[in-house]
Amino acid sequence: MPKFHPELDMLTDYSAGTLPLAQAACVSIHVTQCDHCRRLTSQLTDLGAALMESLQPEPVGEDQLDAVLARLDEASPLEYDRKVRSADGTPGILQRLMRGDFSDLTWKNVGSALRISHLNTGDPQHEFALYHIRAGGRIPEHTHRGSEMTLILEGGFSDAEGSYHAGDFIFRKPGDVHAPTALQSEDCICLAVLDAPLKFTDWRFRWMNPFLKLRTA
Amino acid sequence: MLQVEKITDDGAGTSGSGTRTDEWSDCLRLIAENQDRAAFTRLFRHFAPLMKAFALSGSTLSANHADELVQEVMLKVWQKAGGFNPDKAAASTWIYTIARNCRTDLYRRLQKFDTPLSANDVAENVETEEAFMALHQKRSGERIRQLMGELPNDQAQILAKVYMEGKSHSEVAAELDLPLGTVKSRVRLALQKLQIQFDRKNHA
């Protein structure tokens with residue numbers, strides 16, 4: 001069972017459906033792996049239902065009912081079975097985004113210990129990427145311009161604040177500085193979701209923006 | 001819009017075996033087993049007006065889109081009724097998740113948001129609970145419904161903005177002209193009163 005979880009605020013936004021898509025995708029993988037967060041999320045969803053039931057109903061005409069009754073024989077659209085994990089344990093949602101498995105991904109090397117593969121969720125404000133850190137590899141110290149959500153899929157890493165293992169969910173706020181090192185015993189694969197980078201609004205700095213652009217595709 | 005002070009018990013009851021015996025679960029079962037249109041009509045008359053209120057709470061949807069959403073949600077309820085398990089979720093919770101996901105997808109479609117994922121793909125799955133947890137869950141669902149009526153107005157109002165209007169904590173803060181910290185602490189207090197909290201002790 002994971003030891004590090006999303007904060008209650010974030011689970012509230014998740015269950016209200018207001019979390020941005022890339023973040024929601026990441027939280028959903030943690031929630032499927034964590035009994036504790038699944039229980040909380042389902043209570044938060046019950047809360048949503050209770051709030052919906054307490055709304056002042058808006059009149060709906062009989063024509064609306066007739067229109068739906070007339071469509072009941074339509075064939076149901078196909079839906080993906082999103083919860084199925086592949087034989088190698090890849091969460092269903094990642095399989096969809098990867099269109100295959102880890103071996104089909106295009107990786108970009110960043111130094112000798114790290115390689116990154118970007119996946120396209122369609123979320124224009126968030127970068128969604130898999131990080132593969134070699135066993136014992138260290139990621140150079142960096143600071144976050146925006147927030148960073150990390151979910152460990154395999155292996156683990158440690159930084160000044162602790163050590164993290166598969167299923168753990170870590171959220172770093174802007175300005176947090178860290179230098180994670182993968183565990184010595186095995187490679188670490190994690191999912192990272194970064195939000196929008198610095199955006200210069202002052203006209204004197206605007207020219208820099210294209211160079212700070214996030215990879216969202 | 002909200003009648004937070006007047007939440008009444010919807011008559012849901014739990015039999016000895018823990019099987020939910022309320023009217024809406026029965027309707028869903030009848031739809032799944034017999035394609036029962038009368039049961040669907042009963043469900044529609046109760047839930048469609050709530051769906052429409054939910055659609056319009058978000059405020060950015062036109063009346064046409066709200067009607068479109070109501071139809072889409074109710075059609076999905078009919079199509080997916082076979083997947084509803086009364087032992088695992090309350091009928092209204094199951095229907096709410098469909099409405100919430102459809103509304104999010106509609107927002108994204110209207111914003112020409114191009115994504116391979118639907119809101120349902122990234123949603124929690126209320127149907128996968130194990131039996132023990134499901135029972136525990138249903139009890140807390142009932143407790144939440146009961147305790148809702150006791151929330152102070154300022155807390156209930158913020159929860160409604162987050163859930164029904166789909167606003168982020170910072171949007172709510174801006175709208176109510178409150179510091180973000182105040183909004184967050186009201187949400188936390190409300191969740192505490194509803195006994196929704198990280199339970200470190202029973203953390204398996």
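Helices (H or I, at least four residues) and strands (E, at least two) are DSSP runs, numbered from the N terminus.

The model is a predicted one, in which local features need pLDDT of at least 70 and side-chain atom pairs count only at pLDDT 80 or more, while totals for chains, interfaces and linings use all residues. Residues are numbered from 1 along each chain as its sequence is written, and chains are lettered from A and ligands numbered from 1 in the order in which they are written.

Staying with H8(B), its buried residues are Val183(B), Lys184(B), Arg186(B), Val187(B), Ala190(B) and Leu191(B). They cover an arc of only 160° around the axis, which puts them on the same side of H8(B); the arc is that of the directions from the helix axis to the C-beta atoms. On the other side of H8(B), the exposed residues are Gly181(B), Ser185(B) and Gln192(B). A residue is buried if 20 or more other C-beta atoms lie within 10 Å of its own, exposed if 12 or fewer, and partly exposed in between, with C-beta atoms placed from the backbone. The buried residues of H8(B) pack against helix H6 (153–163) and helix H7 (169–176) of chain B, together with helix H1 (8–16) of chain A. After H8(B) comes Gln195(B), with a positive phi near 60°.

The contact between the chains takes 56 residues from chain A and 71 residues from chain B; two residues are in contact if their C-beta atoms, placed from the backbone, lie within 7 Å. On the side of chain B that touches chain A, H2(B) gives the most, with 11 residues. The residues of that side divide into 38 nonpolar, 21 polar and 12 charged. Here Ala, Val, Leu, Ile, Met, Phe, Trp, Tyr, Cys and Pro count as nonpolar, Asp, Glu, Lys and Arg as charged, and the others, Gly among them, as polar.

Turning to chain A, six strands form an open sheet in the order S1-S2-S3-S11-S5-S8, with antiparallel pairing. Two strands pair if DSSP finds at least two bridges between them. Strand S1 (108–110) and strand S8 (169–172) of chain A stand at the edges, each with a single partner strand, so one side of each is left without a neighbour in the sheet. S1(A) pairs with strand S2 (residues 114–119) of chain A over three bridges, and Val110(A) has Leu114(A) as its bridge partner. These two strands form a hairpin with three residues between them, and Gly111(A) in the turn has a positive phi of about 75°. S2(A) in turn pairs with strand S3 (residues 127–133) of chain A over six bridges, where His118(A) has Ala129(A) as its bridge partner.

Another open sheet of chain A holds three strands in the order S7-S6-S10, again antiparallel.
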